[in-house]
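The sequence and the structure are shown first.

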Amino acid sequence: MARSFVLIPSVRDIRNLDKALKSGRDEILLSTVSHIGNLAELTTLCHKHGKEVVVNHELIGGLATDTIAFEMLKKAYKVDAVIGSNVYQVSRAKAVGIKTIWRIALLDSLSLEMAFRSIEVTKPDAIELRPAVCAYDFIDEFRKAFSGKIFASGFVNRADFAQRLYQRGFDGIMTSTQAMWDWNADD
């Protein structure tokens with residue numbers, strides 16, 4: 001039996017939302033298409049298609065980053081999950097009951113060290129390691145430090161590379177490459 005492997009389409013252009021809605025995926029990342037004026041409408045549309053909505057709170061135009069903003073995302077906008085790179089903001093989202101994905105940029109040894117120190121404080125539901133070419137080399141270390149789901153993203157634009165990420169043990173990928181949205185891992 002194949003293990004579960006999640007592919008989350010990352011919608012960067014509103015014109016591509018329909019393709020993501022028609023994909024066989026359970027979640028959609030509204031990456032750079034939302035602002036406080038259209039977020040409720042986009043979330044409702046995604047929910048009508050049976051999709052969970054993930055938003056990058058850092059990219060939502062007009063949204064603050066305090067606790068009230070995360071309460072609004074949950075109660076008024078009905079988002080299902082928040083992704084972000086700021087440890088304190090991810091912790092705030094988690095505190096109001098939103099599923100969280102902590103985005104970790106693997107830039108150098110210092111960023112790697114800081115990530116390991118912050119995992120226990122942040123307590124996200126999942127982590128996203130980027131870029132995927134670096135994530136590939138560090139998944140074993142993150143598995144030792146974190147028991148939740150681990151996603152790779154950033155330049156995941158070819159099926160052969162996505163397959164290698166699957167084989168390496170990632171729980172899923174996030175990609176804005178539309179040609180990948182219907183891809184499935186092979187055992």
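## Strand arrangement

Which strands form the closed barrel, and is their pairing parallel or antiparallel? In this predicted model, eight strands make up a closed barrel in the order β1-β2-β3-β4-β5-β6-β7-β8, and the pairing is parallel. On average, neighbouring strands of this sheet are turned by 25° against each other, with direction ignored.

The pairing of β4 with β5 illustrates the arrangement. Strand β4 covers residues 81-84 and strand β5 covers residues 99-105; the two run parallel and are joined by four bridges. A81 has K99 of β5 as its bridge partner.

## Nonpolar cores

The largest nonpolar core comprises 52 residues, and the most contacts inside this core belong to L30, V55, L73, L129, F142, F170 and I173. Apart from this core lies another one of 10 residues, which include V54, A81, I83 and F151. In soluble globular proteins, nonpolar side chains tend to be buried together.

The surroundings of F170 can be listed individually. Beyond residues up to four places away in sequence, F170 touches R3, F5, L129, A135, Y136, I139, R143, I150, F151, A152 and L165.

## The site of R103

R103 is located in strand β5. Is R103 buried or exposed? Its relative accessible area is 16%, which is under the 20% limit, so R103 counts as buried.

The side chain of R103 forms a polar contact of 2.5 Å with the side chain of E128. When neighbours within four places in sequence are left aside, R103 is in contact with L29, N56, I83, G84, S85, E128 and R130.

How values were computed:
Residues are numbered from 1 along each chain as its sequence is written. This is a predicted model: local features need pLDDT of at least 70, side-chain atom pairs count only at pLDDT 80 or more; totals for chains, interfaces and linings use all residues. Side-chain values use heavy atoms; hydrogens and water are left out. Two strands pair if DSSP finds at least two bridges between them. Axes are lines fitted to C-alpha atoms, for helices over the stretch in contact, and angles run from 0 to 180 degrees between N-to-C directions. A nonpolar core is a set of buried Ala, Val, Leu, Ile, Met, Phe, Trp, Tyr and Cys residues joined through side-chain atoms within 4.5 Å. Buried means under 20% relative accessible area, exposed over 50%, partly exposed in between (1.4 Å probe, protein chains only). Contact means heavy atoms within 4.5 Å. A polar contact is a pair of N or O atoms within 3.5 Å; within protein, one must be able to donate a hydrogen and the other to accept it, and residues adjacent in sequence count only if both atoms are side-chain atoms.
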